[in-house]
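Biologist: I'm new to this one. Can you put it on screen and walk me through the open spaces?

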Amino acid sequence: MTWTEAREAAEAGAVALVPIGSTDANGPQNATGLDFLVSSALAERAAAKTGSIYLPPVTYGVSDGLKGFPGTLGITPQMLGEMVESVIKSLIRGGFEHILLITNHGPNQYPVEQASRRVCYDTGVHVASINPMALFADLRGDLFEPETIGHGAEPGTSLLKYLHPEGSRDDLAEERTKARWQGLELISPMEARFGASRVNFYLELEELSPTSGWGNPHKASAERGEILFGRMLDHVVAFIETFRALDTRLKFPEPQL
């Protein structure tokens, strides 16, 4: 896209899609770029269906808990927030007022939220964000058996087999369960079950799994990935059609006594 084409898109009220992901370990069999590859595919295909524009992906994210695995390339939360804030403000200066972030990877969510809030305070423009893994949780239905779901297993492996078959190696896939930590059942690197609730710790991913993965990836298939991705894409497309009609300019309500 040339700068004149970007100007025309902004003048036409196009939605700008910004895919955000990470480059880190996702099980021994999957490419380290899985998160940004999924975000990019959603942005590119949604743009084609809606007349929106999509930006090159933010490929590095907050991956502190995975730094023990070679191939993980992380940046600080502050750096990610500043990068996203700068990109959004550049879009707004260029005339775009409808900006949708496709924000993959759990640890990226808070820095991106804070960047979006700073943008709103500084420019008066609200920014929207969709988390692809939240879409998976809401749209998976009965597509995946519970024992297959996990970091480095499903749904990422099936999505990768559909989008980039060369990025997932069956010969390296293995089924694993999360390790216990000093007798506590771990939910994630940041949570452990205790009694009827949970407590927070801030562990390294290798303390949960020496391969960076858990769950059963052996049932993964491109066919499952295609069905799930289609559901996710339909959701993003439907939201874009609604989002483009919204007024994104900040309006504080009148104080009420």
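Biologist: Which residues lie nearest the centre of the second largest pocket?

Modeller: Arg-176, Thr-177, Lys-178, Trp-214 and Gly-215, out of 13 lining residues. A pocket is an open set of points on a 1 Å grid over the protein atoms alone, with protein on both sides within 12 Å along at least five of seven lines; lining residues have an atom within 4 Å of a point. This is a predicted model: local features need pLDDT of at least 70, side-chain atom pairs count only at pLDDT 80 or more, and totals for chains, interfaces and linings use all residues. Residues are numbered from 1 along each chain as its sequence is written, and side-chain values use heavy atoms, without hydrogens and water.

Biologist: How much space lies in that second largest pocket?

Modeller: About 190 Å³. The largest pocket has about 1,100 Å³.

Biologist: What lines the largest one?

Modeller: It has 37 lining residues, with Gly-106, Pro-107, His-151, Ser-188 and Pro-189 nearest its centre. Helix α5 (132-139) is one of the elements supplying at least two lining residues.

Biologist: Switching topic. Is Phe-194 buried or exposed?

Modeller: Exposed, because its relative accessibility is 57%. Exposed means over 50% relative accessible area, with a 1.4 Å probe and protein chains only.

Biologist: And what does Phe-194 touch?

Modeller: Leu-184 and Val-199, leaving out residues up to four places away in sequence. Contact means heavy atoms within 4.5 Å.

Biologist: How far is Phe-194 from Leu-159 in space?

Modeller: They are 33 Å apart, C-alpha to C-alpha, and 35 residues apart in sequence.

Technical notes. Buried means under 20% relative accessible area, exposed over 50%, partly exposed in between (1.4 Å probe, protein chains only). On a 1 Å grid over the protein atoms alone, a cavity is a set of points where a 1.4 Å probe fits but cannot get out, and a pocket is an open set with protein on both sides within 12 Å along at least five of seven lines; lining residues have an atom within 4 Å of a point. Grid points are joined across faces, edges and corners, and a volume is the space filled by probe spheres set on the points. Helices (H or I, at least four residues) and strands (E, at least two) are DSSP runs, numbered from the N terminus.
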